[in-house]
Structures are given as C-alpha cells and as structure tokens.
Amino acid sequence: MGVTVDVHQVYRYPFEQVVSSFLRKYPNSMDKNVIAVRIVEERTDVSTGIIYRKRIAICQNVIPEILRKLSILKVPNIQLEEESWLNPQERNMAIRSHCLTWTQYASMNEESVFRESLENPNWTEFIQRGRISITGAGFLNCMLETFARTFLKQGAQKFTDLLKSIYRYQGN
C-alpha cells in the first residue's frame, strides 16, 4: 500500500526568482517545522554548467502526539535528504528527496521539476510527485499514510504562499 501525491503549479514569476526562493525558503517564520537546512555537497559541472546540491533538512516531528505513543514514532526530529540539479542554460531544476528517518518502517520520496513555462517564458512551471509507503506500523499504516498525504500537499501550498508574500513585500 502507499500514497501518491501529484502537484502541478504554474507560478507567474520568472524561473530564476522561483528557484532562488525555493533554495532559500528554509528556515523561515512562515514554517516553523523546518529547523535547519545544511548543504552537505555542492559542485558545478564545468562542461555542462549544471549545479548539483545535496542538502539535509532537519524538521520537527509533525506526527500527532497521540500517534507518537508508539516508540518508533517518538523522535524529536525528522531528517530529509534533498538532491538537486540546476541547469541555468535550459532553465530547469530537477529535485529528488527522501526521508532519512524511519527507513526501516516507511519510505518517502519526492521528485520535482521547476522549468520555464511553455505558456509564458516569464512564468515557472512546478511538477511534483511524492510517494509515501508505510510498512512497519501494523494497523496504523493507513492512518499514517493519510496524515502523510495531507502533509505533502500542505508543503507545496506553503511554498506557493511564501512566493506570494515575497513578491508582495518586494512590490511586484
């Protein structure tokens, strides 16, 4: 069993600004769940110009307290690993992320792409597919997957809200 969440969003902002906002989005005051983001590797391929980054995000455990009665869920923080490949020439960035916590009980993977919109070159298209599968929680598997689906969808909406507030603040 598992849960898949698909997101498709068009931001009416240029690719460079959207990607820059995405790379700087955490931590911020609008989302207190992300405690820190640490770059563990960054390099540029001189032949292609593609910038590779690997980051680790440390997030508060957002699983409801009642579910954290289970010892496997009773951890203060959750770690996520994100890898990205930014191609400035082609104006696209691919992202892959997965959860490093609870790997023996669950898998959480996201694949995302930011790219110049075909509709308007000054807009940015965002496509994301997230998959969560929980296997080690017995009868709670389905409940935890439902919670995870809601959490994934809220994450995409928070980025949209953050972009809007940035551009509102800048007067755009």
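**Reading a seven-stranded sheet**

Modeller: Let us begin with one residue. Tyr26 has a relative accessible area of 22%, so it counts as partly exposed. Keep in mind that this is a predicted model.

Biologist: Why is Tyr26 called partly exposed?

Modeller: Use the cut-offs. Buried means under 20% relative accessible area, and exposed means over 50%. At 22%, Tyr26 is therefore partly exposed.

Biologist: Where is the place of Tyr26 in the chain?

Modeller: Tyr26 sits in the loop between H1 and strand E2, which covers residues 34-44. Now compare sequence and space. Tyr26 and Ala36 are 10 residues apart in sequence. Their C-alpha atoms are 7.0 Å apart in space.

Biologist: Now the sheet. In what order do the strands form it?

Modeller: The order is E1-E7-E6-E5-E4-E3-E2. The seven strands form an open sheet, and the pairing is antiparallel. E1 and E2 stand at the edges. Each has a single partner strand, so one side of each lacks a neighbour in the sheet. From one strand to the next, the twist averages 15°.

Biologist: Over how many bridges do E4 and E5 pair?

Modeller: E4 and E5 pair over eight bridges, in the antiparallel sense. Look for residues that face each other. Glu82 stands opposite Ser97 in E5, and Trp85 stands opposite Ala94 in E5. On to another pair: E3 and E4 are joined over 10 bridges, again antiparallel. There, Arg53 has Ser84 in E4 as its bridge partner.

Biologist: How many residues lie between the strands in the hairpin of E4 and E5?

Modeller: Four residues lie between the strands. In this hairpin, Arg91 takes a positive phi near 55°.

Biologist: Next, a charged residue. Is Arg55 buried or exposed?

Modeller: Check the number again. Arg55 has a relative accessible area of 9%, so it is buried. Arg55 is found in strand E3, residues 51-60.

Biologist: Which residues does Arg55 touch?

Modeller: Skip residues up to four places away in sequence. Arg55 then touches Phe22, Leu23, Val37, Arg38, Ile39, Val40, Leu80, Glu81 and Glu82. One polar atom of the Arg55 side chain lies 2.8 Å from the backbone oxygen of Leu23.

Biologist: What about nonpolar side chains?

Modeller: Here is the general idea. In soluble globular proteins, nonpolar side chains tend to be buried together. Now this case. The largest nonpolar core has 16 residues. Tyr11, Phe15, Val19, Phe22, Leu86, Met93 and Phe114 touch the most other members.

Biologist: Which elements give two or more residues to this core?

Modeller: They are strand E1 (3-11), helix H1 (15-24) and strand E5 (92-99). H1 gives the largest share, five residues. There is also a second, separate core of seven residues. Its members include Ile63, Cys99, Met108 and Ile132.

Biologist: Let me look at one core member. With which residues is Phe15 in contact?

Modeller: Leave aside neighbours within four places in sequence. Phe15 is in contact with Leu86, Arg91, Asn92, Met93, Phe114, Arg115, Glu116 and Thr124.

Biologist: Last topic: salt bridges. How many are there by the rule used here?

Modeller: The count is nine salt bridges. For each pair, read the N to O distance, then the surroundings. Take Arg96 and Glu83. Their side chains meet in a salt bridge at 3.6 Å, N to O. Arg96 lies in strand E5 and Glu83 in strand E4 (residues 77-87), so the pair ties together parts 13 residues apart in sequence. Arg96 is partly exposed at 42% relative accessibility, whereas Glu83 is buried at 15%.

Biologist: Arg115 and Glu125 also meet in a salt bridge. Which strands hold these residues?

Modeller: Arg115 is in strand E6 (residues 106-116), and Glu125 is in strand E7 (residues 124-134). The pair links distant parts of the chain, 10 residues apart. The distance is 3.0 Å, N to O. Arg115 is partly exposed at 33%. Glu125 is buried, with a relative accessible area of 10%.

Biologist: What are the relative accessibilities of Glu41 and Arg43?

Modeller: Glu41 is at 30% and counts as partly exposed. Arg43 is at 46% and also counts as partly exposed. These residues form a salt bridge, and their closest N and O atoms are 2.0 Å apart.

Biologist: Which residues are linked in a network of salt bridges?

Modeller: Glu16, Arg91 and Glu116 are linked in this way.

Note on methods
Residues are numbered from 1 along each chain as its sequence is written. This is a predicted model: local features need pLDDT of at least 70, side-chain atom pairs count only at pLDDT 80 or more; totals for chains, interfaces and linings use all residues. Side-chain values use heavy atoms; hydrogens and water are left out. Buried means under 20% relative accessible area, exposed over 50%, partly exposed in between (1.4 Å probe, protein chains only). A polar contact is a pair of N or O atoms within 3.5 Å; within protein, one must be able to donate a hydrogen and the other to accept it, and residues adjacent in sequence count only if both atoms are side-chain atoms. Contact means heavy atoms within 4.5 Å. A nonpolar core is a set of buried Ala, Val, Leu, Ile, Met, Phe, Trp, Tyr and Cys residues joined through side-chain atoms within 4.5 Å. A salt bridge is a side-chain nitrogen of Lys or Arg within 4 Å of a carboxyl oxygen of Asp or Glu. Two strands pair if DSSP finds at least two bridges between them. Axes are lines fitted to C-alpha atoms, for helices over the stretch in contact, and angles run from 0 to 180 degrees between N-to-C directions.
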